Amino acid sequence: MSDNPAELPDDTATRVFVGHRELLFSVVYNLLGSVSDTEDVLQETWLAWARRVRQPHAEEIDNPRAYLVRIAVNQALARQATISRRRETYIGPWLPEPLITQIPEARNTPQAAQATDAAESALRNESVSMALLVILETLTPLERAVFVLHEVFGYAHTEISEILGRSPSAIRQLAHRAREHVQARRPRYQADPHLQQQVTERFVAAALGGDIADLMSLLAPDVTMWTDGGGKVRSALRPVTGRDKVARLLNGYATSRLPEALDIRYRHVNGDPSAVVFSGDSPYAVMVMDLNPSNDQVTDIYLVTNPDKLSRVRLDGLDDGDEDTTAGQIEAAEPRKAIEPGDDGLDESGPRAG
């Protein structure tokens, strides 16, 4: 018999699990930032749930939702040690795996509704943006679990104490530390989606077209750029900070080693208007930007090029009928200056296992 609930007979245990899978996916993804790890945790959660409810003479579970969330959260926490060891050997900055999310208005078509899955529908707002997920990586696993459950999903401290097996007072302390940590690094601010998309389109056109003047005007003086290639593609080995350095790094990308023509699709990634880049039918990069609330300059750039993290990004999956967000073909800038190995902070070692 299959361990996949979607392939099992339509019994009560399967229906209950599938009915809560979207919530479980969203909770666990926010704890781990990895779709593959999230899917593994959900598989373990399903197996534990199925064993429990299918035991002969098993007592009825009064609150299946709470029971499943408790299993999933604790399974996710149990994987943190393995994930941490894996990231210690990760080459360059580690960024969360990007998830393509449809624009809410585009969900009204039958095609869009059919294409919607747990990964898309669970991620729509600022609280699970790429920027916040990066900050959540700096919390302890318990602090992150408390923050996600309380701030994102609205669980009371008493409910979280039951999920994590900690006292309510300990949960309140964890919540206070996590909230202060997050607020110190990311004030609650939601950029206007239309403005953010306009800035994103201008930014991509300037970066790939080699328009340094326009690019510099869009970048905040203290802008930081993270490039996650995982050691498998050319990328900076550490975050790059400062307008001049970031512009130089982007110029290095645009003038060397890029495919001759890139297909740029503007879509929502983790709820934010972003650029999804294809070379032919293959995903090449996902770029997400964060803006300054006072002047709408770009303060943070998250560029994911690790092919392992782009395996779920498909060109056909982006054709949802929202034609005005498709940029079409953009030619890369003509090479104007040879980039000396290492002078732009990029990893020049070529493909590696990671």
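Angles between axes under 35 degrees count as roughly parallel, over 145 as roughly antiparallel, 65 to 115 as roughly perpendicular and the rest as oblique. These close-ups come from a predicted model, where local features need pLDDT of at least 70 and side-chain atom pairs count only at pLDDT 80 or more, while totals for chains, interfaces and linings use all residues. Residues are numbered from 1 along each chain as its sequence is written, and side-chain values use heavy atoms, with hydrogens and water left out.

**View 1. Helix 8 packs against helix 9.** Helices (H or I, at least four residues) and strands (E, at least two) are DSSP runs, numbered from the N terminus. Helix 8 (residues 157-164) and helix 9 (residues 168-185) meet at about 105°, their axes 8 Å apart; the two are therefore roughly perpendicular. Axes are lines fitted to C-alpha atoms, for helices over the stretch in contact, and angles run from 0 to 180 degrees between N-to-C directions. Look for His 157, Ile 160, Ser 161 and Leu 164 of helix 8 against Pro 168, Ile 171, Arg 172 and Ala 175 of helix 9, where contact means heavy atoms within 4.5 Å.

**View 2. Leu 149 sits in the largest nonpolar core.** Such a core is a set of buried Ala, Val, Leu, Ile, Met, Phe, Trp, Tyr and Cys residues joined through side-chain atoms within 4.5 Å; buried means under 20% relative accessible area, exposed over 50%, partly exposed in between (1.4 Å probe, protein chains only). This one has 47 residues, and Leu 149 is one of those touching the most other members, a group including Trp 49 and Leu 164. Helix 1 (12-32) gives the most to this core, with eleven residues. Leaving aside neighbours within four places in sequence, Leu 149 is in contact with residues including Val 27, Val 73 and Ile 160.

**View 3. Strand 4 pairs with strand 1 and with strand 5.** Two strands pair if DSSP finds at least two bridges between them. Strand 4 (residues 261-269) has eight of its nine residues buried, so it is largely enclosed by the rest of the structure. Strand 1 (residues 100-101) joins strand 4 in the antiparallel sense over two bridges, and Ile 100 stands opposite Val 269. Strand 5 (residues 272-279) also runs antiparallel to strand 4, with seven bridges; here Val 269 stands opposite Asp 272.

**View 4. Asn 270 and Asp 296 have positive phi values.** Asn 270, in the turn of the hairpin formed by strand 4 and strand 5, has a phi near 50° and counts as buried at 0% relative accessibility. Asp 296, with a phi of about 60°, lies in the loop between strand 6 (282-291) and strand 7 (298-304) and counts as partly exposed at 25%.
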